[in-house]
Amino acid sequence: MQGVKTMEYILIRHMRNFLKFIFLVVLSLTVSLSVLSCGEKDIPPHNTDQNDPSGDEPKPGDGDKPGDGDNPGENPETAEIKQLEAWLENIQLKNGLLTSVESGNNVSLYDNALAALAFIATGHYDRAEAILDYFNSRVKSELCNGTGGYYQFRSVNGVPSGNRWLGDNAWLLIAINNYAAKVDPDRYSTMQKELDGWIRSLQDTDGGLWGGTDGAKVIAKNTEGMIDAYSAVCGYDDFHKKLLSHLRTKRYDNRDGLLVSWPGNKYKYALDNHSWGYCTFEDFPTSVLDKASMYLNTQKTTVGGITVTGFAPDIDRDIVWLEGTGQMVVAYRKAGDKANADKYLAEMKKTLIPSQRYDNCCGLPYSSNPGTTYASSQLWSGADTNICVSSTAWYIFALLGFDPMEVTYSRGTPASDKFWL
C-alpha cells in the first residue's frame, strides 16, 4: 500500500512538473510575440476608450483591428510598417484629417500632407483620398479666398488658424503630384492648378518667394520654403529659372557649397536644406550630405533612456531630430549610400515607442529628448515622448525607400542654371 502511495506521489509530481513546463513555454511564446509586435517593445493593454479627447471619433478602418501584422512568420520590416500605418489610420478623424500627435488637438497642414504621402507610399489610397478630399472641398472657400493658400493649422473640427505658409502648401502640392502620378491625374487637378498658381504668385521681383502670408502681410523669404516650392511646381520655366537665380545670389555659399538658411546669422545652415536640396535639385552634389555631419550628435532618449545617434536641426546639436534624420536616410538612399542609410535607419528604429491608446500600433516621437528646434526655439512639451505624424511618416519613407520629391525631380534644368555644379 505504501508502494502504491509512493508511486502516486511520483506520478503527481511529474505531472505537476510537466504542466509547469507547458505553462512556461506558453508564457515565453506570448512574451516573444508581444516583443515582435512593435519594434521589440512591449505594447500596453488596449485602451477601450477610442474617442478622440476633442470629442471627434477616429475614422474606423483596418488599422482598428488588434493584432494586425502580428504574424510571427512575417517579414519584420513588413510587420513594422503595418504597425506604423495602423497608428496613422487610428488617429485619422472622421473628417479625414489627422492630429499631429496621438491624442492631440492640433491639425497641421504639413503633417496631413505627409500622412497622405505615407498612405500613397503604402498603397492605401482611400486613406490618402480622405485627407485630400477634405482640402479639395475647400478650394474656393479657403485656398482661393483672401490672400490665398491653406492655413497652416486648424482644430480637429476644421476651424483654421495661423498663417498661410508657403512650405506647408507646397508639401500638400507634392502629395497631390504623387497621387496624380500613381493613382489618378484628374481627381485633384483643380486644387493642383490653384496651388501651383498661388505659389507662383508669391514670387518677388528678385526671383525669391515670400514665405506666405500673415493676414495682409507677406512672410519673410526662407530657403526651406523655396526648396519645397521648387519641388512642388512641376516642369521648368521662368518661375524656376528666376528662383534658382535668387538662390544662387542670395542663399548659397560658394566656398562651403551649401544652401544658406539664415544669411549673416549663427544659424547659417539647417539640416533640411541638405537633404531636401539633394532630393530636389538635379545633380546636386553628394558632398552636401557629407557636410551634414555638422549636425550629428548622440543623446539618451527620454523614453527608455536609450543611446541614439542622429541629426539635429542646427548646430546646437542638443537633440536627435527624428523627422530630420528620416529625411537624411531618404537622401542617402537616393545617393546610393546604403551604409549610411542603413546606419541611421537602425538608429531611428531604437526610438520606436508603442501607442498608449491603440493595440499593435507604434511610431516615433519628434525628438529624442527635450531641447530646441531650429535656432533657439524650445520644443513643445511631449515632443520627446508622444508619437507624432512627421517623424513616423519619414520613418515609413525611409523604410520603403520612398522619396516624395522624386516625382518632379527630372525636369530638364539647363546645365547653365545649375549653379551648384
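Select Asp342: this residue is partly exposed, with a relative accessible area of 29%. Here, buried means under 20% relative accessible area, exposed over 50%, and partly exposed in between, with a 1.4 Å probe and protein chains only. This is a predicted model, in which local features need pLDDT of at least 70 and side-chain atom pairs count only at pLDDT 80 or more, while totals for chains, interfaces and linings use all residues. Residues are numbered from 1 along each chain as its sequence is written, and side-chain values use heavy atoms, with hydrogens and water left out.

**First stop: a pair in helix α13**

Lys338 is exposed, at a relative accessible area of 57%. Lys338 and Asp342 form a salt bridge, and their closest N and O atoms are 2.5 Å apart. The term salt bridge denotes a side-chain nitrogen of Lys or Arg within 4 Å of a carboxyl oxygen of Asp or Glu. In general, side chains of opposite charge can pair when their charged atoms come close. Both Lys338 and Asp342 belong to helix α13 (residues 338–349), where they are four residues apart, about one turn of the helix. Helices (H or I, at least four residues) and strands (E, at least two) are DSSP runs, numbered from the N terminus.

Remain in helix α13 and select Leu345, which lies in this helix. Is Leu345 buried or exposed? Leu345 counts as buried, at 10% relative accessibility. Which residues does Leu345 touch, not counting residues up to four places away in sequence? They are Val329, Arg333, Tyr395, Ala398 and Leu399, where contact means heavy atoms within 4.5 Å. For one of these, Ala398, the viewer can show the C-alpha to C-alpha distance to Leu345: 7.0 Å in space, although the two are 53 residues apart in sequence.

**Second stop: salt bridges between separate parts of the chain**

How many salt bridges does the structure hold? There are 17 salt bridges in the structure.

Select Glu406 and Lys334 next. These two form a salt bridge in which the closest N and O atoms are 2.5 Å apart. Glu406 lies in the segment after α14 (389–400), and Lys334 lies in helix α12 (residues 322–335), so the pair ties together parts that are 72 residues apart in sequence. Glu406 is partly exposed, at 40% relative accessibility, and Lys334 is also partly exposed, with a relative accessible area of 25%.

Move on to Asp206 and Lys221, whose side chains meet in a salt bridge at 2.8 Å, N to O. This pair links distant parts of the chain, 15 residues apart: Asp206 is in the loop between α7 (189–201) and β5 (212–214), and Lys221 is in the loop between β6 (217–218) and α8 (223–232). Asp206 counts as partly exposed, at 33% relative accessibility, whereas Lys221 is buried, at 16%.

Select strands β4, β5 and β6. They make an open sheet of three strands in the order β4-β5-β6, with antiparallel pairing. Why is one side of β4 and of β6 left without a neighbour in the sheet? β4 (164–165) and β6 stand at the edges and each has a single partner strand, so one side of each lacks a neighbour there. Two strands pair if DSSP finds at least two bridges between them, and β5 and β6 pair in the antiparallel sense over two bridges.

Select strand β9 (residues 296–300) and strand β10 (residues 307–311), which run antiparallel and are joined by five bridges. β9 and β10 form a hairpin with six residues between them, and Gly304 in the turn has a positive phi of about 95°.

Now select Asn297, which is found in strand β9. Asn297 counts as buried, at 9% relative accessibility. The side chain of Asn297 reaches the backbone oxygen of Ile319 at 2.9 Å, and a polar atom of that side chain lies 3.2 Å from the backbone oxygen of Tyr295. Leaving aside neighbours within four places in sequence, Asn297 is in contact with residues including Val308, Phe311, Arg317 and Val320.

Finish with Cys362 and Cys388. Cys362 is buried, at 0% relative accessibility, and Cys388 is buried, with a relative accessible area of 3%. A disulfide is a pair of cysteine sulfur atoms within 2.5 Å, and by this rule the count comes to zero.

Technical notes: A polar contact is a pair of N or O atoms within 3.5 Å; within protein, one must be able to donate a hydrogen and the other to accept it, and residues adjacent in sequence count only if both atoms are side-chain atoms.
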